[in-house]
Amino acid sequence: MVSYPRAGITAKDRERKMRTLQVPTSGGNAREFLRRGFAYPLDWSIRNRGPVKFLLHVGIFLSAYLGAYLVRFEFFIPVGYVPLIKGTLPFLLLSKAIAFAVFRLYRGWWRYVSLRDVLPIVAGCTLGTALFAAADFLVLTHLSIPRSIYAIDWGLCLLLVLAARFVIRFGRETLGQRRLRQDADRRVLVVGAGAAGQMIVREIRENPSLGMIGVGFVDDDRAKIGTRIDGVPVLGNHVDIAAVCEEHGVDEIIVAIPSASPSRLRHLLGHCKDVRAEARILPGVGDLIDGKVSVRALRNVDLEDLLGRDPVALDVDLLHRHIAGRTVMVTGAAGSIGSELCRQIARLAPGRLVLFEIAESPLFDFEMELREKFPTLDLVPVIGDVRDRARVEEAMRAYRPAVVFHAAAYKHVPMMEIHPVEAVK
């Protein structure tokens with residue numbers, strides 16, 4: 001190792017120091033160098049956002065006041081007005097600072113600024129101008145400020161304050177979000193361009209962690225088709241869902257119409273069944289009564305959404321008294337309806353559950369499922385055909401069920417219409 005006695009450092013230390021001071025020349029390294037260079041001041045600004053906001057507003061007040069004189073005198077301020085500007089500037093800054101403090105305009109997150117913030121800003125600018133004018137008439141009697149300066153200063157101050165806020169929000173929602181988006185994000189089509197749909201799209205745009213990209217709306221309002229709502233295009237009506245999904249590579253369809261009736265929901269989802277995209281819906285109006293519409297409230301389509309009526313509410317106490325501790329037999333126990341009946345009966349603690357079924361493999365699989373879920377339940381699997389009178393009587397004599405649920409039947413109506421003899425038998 002070669003050393004440098006005069007500098008007191010080794011060759012390795014010298015090389016490391018040179019690499020630290022060297023500005024990278026390649027594109028990626030240069031961007032990384034700039035990112036690191038801006039990291040500290042950016043972090044400092046975030047930690048001290050209160051003082052930074054105050055100083056930014058002071059800069060805006062100063063710029064608007066000087067700009068008012070430039071506009072008033074066609075961008076050439078006469079030399080005689082320079083002492084006037086210097087003498088009145090402290091009073092202007094103090095008046096505007098007090099007015100903005102009254103309306104708490106130094107607080108809040110500018111990246112969430114909206115139209116609701118405009119009115120307090122207008123009020124702050126107006127109060128600041130009024131305080132400055134009062135100081136002019138009561139204190140600065142030896143100075144004569146042109147009356148047009150008040151109006152021009154008010155307008156420029158308002159524009160600059162609004163611009164600062166909306167530029168920050170625009171930068172966060174566009175430049176920042178584009179950098180965070182990934183190729184694996186799901187492409188989302190929103191059905192319904194109303195208030196709920198707009199809130200869904202806004203949350204998708206502002207929250208990249210959801211892993212979604214809003215590609216557009218579909219809506220039945222002809223006046224909206226071809227327009228852009230909150231920056232997102234309305235691509236057609238519900239009849240165009242399949243074509244829009246194919247054209248834009250949609251991965252997920254969100255039905256954002258909480259007030260949709262079951263019949264309309266069935267109609268909308270009918271246009272979604274032939275596309276590969278997954279369809280999800282928002283809860284009904286009753287579930288959204290607090291006004292909170294969120295992507296996290298989305299759920300898969302439930303059968304109850306399509307019934308067209310409210311589901312029947314069961315009297316659980318009555319059922320428990322009717323079944324608990326008694327022997328219950330279910331025919332067709334491993335079928336679609338019979339199996340669900342058995343699951344619900346098992347929760348009511350029957351003394352014994354007799355599973356009467358003609359298909360041995362489905363019965364075996366279902367018996368294993370119930371024994372895993374209800375290990376203390378007395379289960380009796382019975383192979384038999386409800387059309388075999390002797391076998392049914394044998395099972396009744398052996399287990400003497402107090403309650404029988406008969407679910408053994410053909411249930412595929414279109415198929416049974418083709419084979420009516422089997423259905424009757």
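Me: Why is I98 called partly exposed in this structure?
Reply: In this predicted model, I98 has a relative accessibility of 42%. Partly exposed covers values between the buried limit of under 20% and the exposed limit of over 50%, so I98 counts as partly exposed. I98 lies in helix 4, and L94, I98, V102, F103 and L131 make a nonpolar surface patch of about 420 Å². Helix 4 (residues 82-102) gives the most to that patch, with three residues.

Me: How do you know that C272 is in no disulfide?
Reply: A disulfide needs two cysteine sulfur atoms within 2.5 Å. The nearest cysteine sulfur to C272, that of C245, is 6.8 Å away, and the structure holds zero disulfides.

Me: Why is C272 called buried?
Reply: The relative accessible area of C272 is 6%. Buried means under 20%, so C272 is buried.

Me: What makes R389 and E393 a salt bridge?
Reply: Their closest N and O atoms are 3.2 Å apart, and the cut-off is within 4 Å, so the pair counts as a salt bridge. R389 and E393 are four residues apart in helix 13 (residues 389-399), which means about one helical turn separates them.

Me: Why is R389 called exposed, whereas E393 is called partly exposed?
Reply: R389 has a relative accessible area of 64%, and exposed means over 50%, so R389 is exposed. E393 has 34%, a value between the limits of 20% and 50%, so E393 is partly exposed.

How values were computed. Residues are numbered from 1 along each chain as its sequence is written. This is a predicted model: local features need pLDDT of at least 70, side-chain atom pairs count only at pLDDT 80 or more; totals for chains, interfaces and linings use all residues. Side-chain values use heavy atoms; hydrogens and water are left out. Patches are made of residues with over 30% relative accessible area and no salt bridge: like charges are joined within 9 Å, nonpolar side chains (Val, Leu, Ile, Met, Phe, Trp, Tyr) within 5 Å. Accessible areas come from the Shrake-Rupley method with a 1.4 Å probe; for residues, only the protein chains shown count as cover. A salt bridge is a side-chain nitrogen of Lys or Arg within 4 Å of a carboxyl oxygen of Asp or Glu. Helices (H or I, at least four residues) and strands (E, at least two) are DSSP runs, numbered from the N terminus. Buried means under 20% relative accessible area, exposed over 50%, partly exposed in between (1.4 Å probe, protein chains only).
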